[in-house]
Structure formats: C-alpha cells, structure tokens
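Subject: Structure for you, with some notes

Hi,

Here is the structure I promised to pass on to you. Please have a look at it first, and then read my notes below with the model open beside you.

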Amino acid sequence: MSAPPLTDTAAFRDALRVWLDAHDLSPGPDHSLDSQVEQLLRVRRALFEAGWMRYGWPEQVGGLGGPAVLRAILGEEVASRDLAEPGIWSMIEVLAPTMIACARPERAADMVPRLLSGREQWCQGFSEPGSGSDLASLRTKAVPHGEDWLISGQKVWTSLAQYAARCVLLTRTGPGHDGITAFFVDMDSPGVTVRPLRTMHGVDEFAEVFFDDVLVPADRMLGRPGDGWRLAMDLLPHERSTCFWHRIAHLFTRFDQLLVAGTDATDDELGAALLALHTVRCRSHTTQRRLAAGERLGPETSVDKVLLAEAEQRLFDTARDVLPGVIELDDSPWRTEFLYSRAATIYGGTAEIQRNIIARRLLDLGEE
Amino acid sequence: MTGTAAGSSPLDATESRLLTDTVRGVMTGAAGGCADPALAGLGWAELLAERPRVAIPLVFRSLGETGAHASVLLDVLRAADPTLPAEVALPFAGGRWVVWECATGAPPSEAAARSGAARAETVGQAVQAPPAFPLDAGLPLRPLALGSVEGGRRAELSGRATAAGRRALGWWLLGTGHAMLALARAHAVERVQFGRPLASFQAVRHRLAETLVALDAAEAALAHADGDFGALLAKAAAGRSALTAARHCQQVLGGIGFTAEHALHRHVRRALVLDGLLGSTRELVRQAGREVRERGRAPRIAEL
C-alpha cells in the first residue's frame, strides 16, 4: 500500500490512528527481551510497509519526506498503545540521523532503510568502563592498518548490542576531543564479542562489547578523523526531542493506569505526579517546536533531561506508594518499570552533569 | 535568562523587543511602586483588548522582574468577565479573601496597610484571629478579616476569569522567580570566599541550576495554558517555581539576602503572596489530582 502525502500534523495523526485502529499490532503475552525486540521489528516492518515509518525521513534514505515532527507523533501513538517499549523504539532517532549526516550518501541510502524497515537493529558504542560521565576520555583505539583501521577496546551500556547488525562506534585516533573518530562497524566482524549485562531491573538490554583488533574498512568512517566528538554532540538534539516525546507519552499511559487502578492515592499525590508529567510534556513540546522552526538545539535541552528524569522517578515513586506490596511482592510490570526508573537520573548524562551544563552554559557561572 | 514573553505573538521580533524594552523601562521607573499610571500612558487598555496574548505575559512577567506592581490583574479579570462588580474580593489560599485596592502613586506604607487591615477588622464579626496584615506591604492588598461580612463582594469568579487571572499571576510569579535568580546569580559571581567566587562551588551552581529548571518548566506550562485546566496547572507550576527560586536564592545569598537592605526579601514576600492568590500551588495540585481521578485519564494538553 502506498501512503498518502501527509504533512499536516493533525491530519497525519488522525489518519495514523485510523490505520492503527484497523491493524492490531499489539504485543503477545511474552515480555522477555527477545520477544520485545521481535515485537519492535515486527511493528517497524508493518509501519514501514504501510508508509507510516517513512514519514519525516528524507527520500534519499527510503523516507517519504515531511517534517521530523511526524516521527514524534508516530512514536507517541506507538507508546500510547504500548506497541513497543519506548526506549528501544527511539534508538532509531539517534542512529538514523547520524548516518544521514555523517555517512557517505550511498552508504546511508543502502543502510538506513534496513533500520527503518525493521530488517536490522543497530547499536551505539559510546560509553566505556573508564568513560561514563567523562565520555571524551574514551580509550577504544583505532589505528590505521594499510587502507583500513584496526579497532581495539571495550564499550559498555551498549543497548541491544546482542541483537545489533551494526554499531555506530566512537574511537580514539588522537589526543583530546579532536582525537575522537566515529565508525560504522558490522557487528559480525571477526573480533567483536558481546556480553549482555545483568541489570537491576532484570532486563538484559545493555551489553558490554569487546573489540579485539577488529578490521574496519576506511570507507566505514563517519565523517573525517577527529569528527567523532562533534558527531556525538550533534546526536543530543535528536535524543532530547523526539525520544523524550515518546518517553513522556509512555509515562502518561502509566499514570492513566494508576488512575484507574482503584488505589487509595490522595489527590495531592496524583496532582504532584501529574504536574511533573504535564510540565515536562509542555517543555518537550516547546523543544519540538523550536526544532521544527529550524533552531539549533543546545545546552537548554539539559533542562528537558532534568525534568524528564524527575517526572519519571516521581511517577514510579507514587506508584510504589499507592500500590503497596505490588513492587515488593508481585512479579508485575510495575516492578520492572519502578526499578528502571531508578536509572533515569543516570543514563544519557547524569542529573549532576546536566546541572553542570545548565550552570556553565545557561547561567554563565564560569568555571568550577 | 530573559527570554521573550510574547507567546504566540502576532508582533514581529523587532516590535516585540521594542515593546518589551518599553514596558520594562516604565516598570523599572516605577521603582517597586505602582506602575498603573505609566502602563496607562503606554496604552495598556488597548493592548489588553487587542493583543492579550502578547500583553499579559509581557506586562505580568515584567512586573515580577522589576518588582513593580499594578492593578492590571483586575483589568485581566474584567476583560475575561465584564460582569464583575466594581470592587471584587479575590479568593486567597485557605478560604481567605483579599481586596485589591486600585492604588495610584506610591505603594502603601506599613502604617497605611495596617490601618486598612484594621478597617477590615471592624467590619468583621467577633472572631479571635490575629489582625490581618499582608506579608508583602508593597501590594495594595487588603485582607478581609476572617468571618467578615463583606459578602456582597465575594461574587464567585467565573471559570474564564479565574483561568485568565491564574495565567496572569503565573507570568508574574515567573518574573518574580527570575528576579530572585538574577540577584542570586550576581551574588554568586561577585562574592568571594575561600579565595574563590561562590559560583565556583558545585553546591551553589546546582541550586541555581535547579532554580532555572523550575522556572523554565513553569514557562513551558504557561505557554500551554489556554484552557481552564492548563491555566490551573500553569499557576501551580509557576507558584512552585517561584517558591523553589525563593528557597535556593535565599540560601545562595546567605546573610546579605536575609537583610532588609537587600532586594531579595521583597521578591520572596511577593512570591509567597502571589502564590496564594486564586489558589496556592498546594491547593491547585490537589484540585488537579481530584480532576484527573474523576476523569480517569490525564489530559494531554500540549499536542504536536
């Protein structure tokens, strides 16, 4: 089926809702990570075939064009209907724009449609055991080897690495911020080893990835040598606009579940959780609008990040308070989500790093 | 830190900047006093009638930022509900009521405020309550004594007027919060202890960062406050942000911020009093919780 040309956001949303009402993509009862990833790819395939997944992406990479905000609307509908877990759904919002901006055009045209259509899952190799908040201290080495590069080192917190066909990888090719270089690496290359991490919430979606003299062709470099830091920084607006919008939509669905769960939650508790969710949604909306107007997003998105983490933790703290025993005694999704929310002030730049950025860049308080 | 307050402005950027500068200028000229005459001279009535979405954010935020006051809140209520009586009692937190006296010229002295409060007392019935005397003597507010019989004035504000008033007060609280943040920031950058500026200490930086986060959250909510429920949430967010600003900025300013010689206390007083007008943060949060419980679903007010 070929998709109709839609650029008006309201018309897009309406038509999408009609389509989703008529095509049941609900997940099955199995909530294992394998099933979640399978469901993610199934939903993507269906939405790509029907065209929805192609809106907001450029035609050169298999998209149908239109504004990027259409992707935020699609993600909101997917999250609102619980069709896919919003965290893994949104990874594409970081990976695809990086490829479009930094890969050779023919490479992007070949690869990005695989991601959009659910044929492949990719991952992002940034953090290292010795480089968490201080990402720029990363040490995974890339050295020239004839025409090619040899990569050695270790990454950690690499989401879905065990399912990924490719990896956008940051390496060190020289000293300092200008010595960071990005590559697009096939995960089935000899020398790549993936070891899933056991985490507190029981979903092994993060992995360690080891690179032992992995040979990567020179044409797999993203940008030029030394462009890696800028590439990483340019990802942030994508993560902090569309991905956040999806997550906020997801949190609203959980809040609604609390409302109808027949708890003894007080009006004060519900109101406080709602206020946090509402304000981050409003803030994220403002950010989406700025992005749509062609503004360049920068350090002010740290405000969005702080608000989102606070709203998420407050929501699940409230859930624990008003559903006594459920998180502690029952094997329920509330437990998994409550535990996952503990990480909201850690991943994607800790709450402290965000406050440092706000103090330095937005309040101009000078050096620490 | 001083973003434009124009909202969905039909003005172009230059017009908007010019208007903002002019409004701030006259309010700064009012030096903490009543800006009514100056605003009238600027054509406030026409601006409110023709461009409320520009006028209200700009004027009320500027009141907060400059520490001036004006009886423009009554104009906003009246624009939303022309049937309001000439003198209207406004609901305050805790079931209390206040009358906004349309003052002109200088702000009331403490003595005048006390006598106004005393006047209200005499009208009131025999209630064992402390004499009313507003925390922020810079505002021409006259609390009605507990149990007062000035009941004729207590016409319920319509939903429209209440929402309009909450939006306006939200912008005012936002400006007040930014005024406090500006004072604390300047102090942190200039004040040296242990041979370093206060601003170089992470504990101080994070308090100021928290303040900006709260203020930006409130501003975002105010930008999505068209409906009654959006206005309620926006006033709650703005009240909370101003109280957050008061707490952090007071702490960063240390001893000097506790003196009456420093400007901070006036903004703190204003934040506390404005928070109570037309429903405090605490009351509005509770009301929001009650409404969504009854609906069984949280409204998604900001739609892409």
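Let's begin with one residue: D213(A) counts as exposed, because it has 12 C-beta neighbours inside 10 Å, and 12 or fewer is the cut-off for that label. You can find D213(A) in strand β7 of chain A, which covers residues 206–216. The phi angle of D213(A) is near 45°, a positive value in a residue other than glycine. Before you read too much into any single angle, please keep in mind that this is a predicted model.

Now compare that residue with L160(A). Its phi is positive too, about 55°, and L160(A) is not a glycine. L160(A) sits in the loop between β3 (148–159) and β4 (166–172) of chain A. Is L160(A) buried or exposed? L160(A) is buried, because 23 other C-beta atoms lie within 10 Å and the label needs 20 or more.

**Chain A as a whole**

Stepping back, chain A has twelve helices and eight strands. Its radius of gyration is 21 Å, close to the 21 Å that the globule rule gives for 368 residues, so chain A is as compact as a globular protein of that length. If you follow the C-alpha trace along its principal axes, it spans about 65 × 55 × 40 Å. Of the 368 residues in chain A, 47% are buried. If you take the contacts in chain A between residues at least 6 apart in sequence, 72% of them join residues at least 24 apart.

Chain A is divided into three parts: domain 1 (9–121), domain 2 (123–226) and domain 3 (230–362). The centres of domain 1 and domain 3 of chain A, taken over C-alpha atoms, are separated by 21 Å. Where these two domains of chain A meet, domain 1 gives 19 residues to the contact and domain 3 gives 16. On the domain 1 side, α3, α4 (86–89) and α5 (92–102) of chain A each supply at least two residues. The largest share of that side, seven residues, comes from α3(A). By class, that side of domain 1 of chain A has eleven nonpolar, four polar and four charged residues.

**Where the two chains meet**

How many residues of chain A are in contact with chain B? There are 39 of them, in contact with 36 residues of chain B. On the chain A side, two or more residues come from each of α3 (69–80), α7 (228–259), α8 (267–292), α9 (301–322) and α12 (351–362). Which helix gives the largest share of that side? It is α8(A), with 17 residues. The chain A side divides into 21 nonpolar, nine polar and nine charged residues.

**Inside chain B**

The domain assignment of chain B gives domain 1 (13–80), domain 2 (89–153) and domain 3 (159–295). Between the centres of domain 1 and domain 3 of chain B, taken over C-alpha atoms, there are 20 Å. In chain B, 14 residues of domain 1 are in contact with 18 residues of domain 3. The elements that give two or more residues to the domain 1 side are α4 (52–66) and α5 (72–80) of chain B. Of these, α4(B) gives the largest share, eight residues. That side of domain 1 of chain B has eight nonpolar, four polar and two charged residues.

A helix to look at next is α10 of chain B, residues 264–276. At 1.5 Å a residue, its 13 residues should span 18 Å, and its end C-alpha atoms are 19 Å apart, which agrees. Among the buried residues of α10(B) are L264(B), V268(B), A271(B) and D275(B). The elements covering the buried residues of α10(B) include α7 (159–190), α9 (228–253) and α11 (281–295) of chain B. After α10(B) comes L278(B), whose phi is positive, near 55°.

Leaving out residues up to four places away in sequence, L243(B) touches A271(B), D275(B) and T281(B). V26(B) is 217 residues from L243(B) in sequence, and their C-alpha atoms are 27 Å apart in space.

Happy exploring!

How values were computed: Residues numbered from 1 in each chain as written. Chains lettered and ligands numbered in written order. Predicted model: local features only at pLDDT ≥ 70, side-chain atom pairs only at ≥ 80, totals over all residues. Contact = placed C-beta atoms within 7 Å. Helix = DSSP H or I, 4+ residues; strand = E, 2+ residues; numbered from the N terminus. Nonpolar A, V, L, I, M, F, W, Y, C, P; charged D, E, K, R; others polar. Domains from an automatic or database assignment. Expected span 1.5 Å × (residues − 1). Rg over C-alpha atoms; globule rule 2.2 N^0.38 Å.
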